[in-house]
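The tour starts at the surface and then turns to the aromatic rings.

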Amino acid sequence: NIEIDRLVLTHPHFLNYKRKTKARFTRIKGLSTVSQSIAVKQENTSQGFATALSAFVAQNYAARQVARVLKAYHTTLWMTFIFGTFCTFIFICYGNEIFSIFVPEKAAYETGGVFLRIDGYSQIFMMLEITIQGVFYGIGRTMPPAVISVSCNYLRIPMALLFVSWGWGLPGIWWSVTITSTMKGIICLIWFMAIKKKALSYQAD
């Protein structure tokens, strides 16, 4: 039995399969690591806008300076819009080039480029969500962002399963993330517009 096992383990077909499996695992692991690294850096940058906006809004909201709250909101919205547009352009147009810096293997950086192109379509909406989250936190309304975020994040699971069942494969999972990120930005905006007049006019009285 030992000799048979040794023969199987040293058989050229087995060794070739082992090398391919190891290479595929290494490529997927590297792709996941790079994707996560890019996403974390971008999210940290955008979250910095939300944190600063939240602190500024909270200070002026407590002081009943509604005009300053709205000005900060509009200014940050423009800043994040510019940053989101830049990320959208870079991700969609130069996804392969960005990934090739970290992963030299062609198949890996082409797959990574597909991920960035799909993710790029949601960048502006993600910035919109993060900006409005900062306003919500600043005026003491933490429930809307939490409800929107949790609901849309859970929605990704059935959406991804649906897309995969349609034969979309791995990009189907990425599309579920992009679509729900877009939904979060739009819903945040609608919710904020619905309560803005009441919340800010109350504080102005």
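Select Trp 78, Phe 81, Ile 82 and Ile 124: together they make a nonpolar surface patch of about 430 Å². Such a patch joins nonpolar side chains (Val, Leu, Ile, Met, Phe, Trp, Tyr) within 5 Å, from residues with over 30% relative accessible area and no salt bridge. A salt bridge here is a side-chain nitrogen of Lys or Arg within 4 Å of a carboxyl oxygen of Asp or Glu. Areas follow the Shrake-Rupley method with a 1.4 Å probe.

The model is predicted: local features need pLDDT of at least 70, side-chain atom pairs count only at pLDDT 80 or more, and totals for chains, interfaces and linings use all residues. Numbering runs from 1 along each chain as its sequence is written, and side-chain values use heavy atoms, without hydrogens and water.

Colour by helix (DSSP runs of H or I, at least four residues, numbered from the N terminus). H3 gives the most to the nonpolar patch, three residues. Trp 78 sits in helix H3 and is exposed at 58% relative accessibility (exposed is over 50%, buried under 20%, partly exposed in between).

Now the rings. Phe, Tyr and Trp (its six-membered ring) pair if their centres lie within 6.5 Å; planes under 30 degrees apart are stacked, over 60 edge-to-face, the rest tilted. The count is 10 aromatic pairs. Pick Phe 49 and Phe 83: a tilted pair, 6.3 Å centre to centre, 50° between the planes. Phe 49 lies in helix H2 (residues 12-62) and Phe 83 in helix H3 (residues 66-102), 34 residues apart. Phe 49 is partly exposed, at 21%.

Next, Phe 163 and Trp 166: also tilted, at 5.6 Å and 45°. Phe 163 is buried, at 7%.

Finish on Tyr 73, Phe 136 and Phe 192, which form one aromatic cluster.

Key
Helix = DSSP H or I, 4+ residues; strand = E, 2+ residues; numbered from the N terminus. Buried < 20%, exposed > 50% of the residue type's maximum accessible area, 1.4 Å probe, protein only. Patch = residues over 30% accessible without salt bridge, like charges linked within 9 Å, V, L, I, M, F, W, Y side chains within 5 Å.
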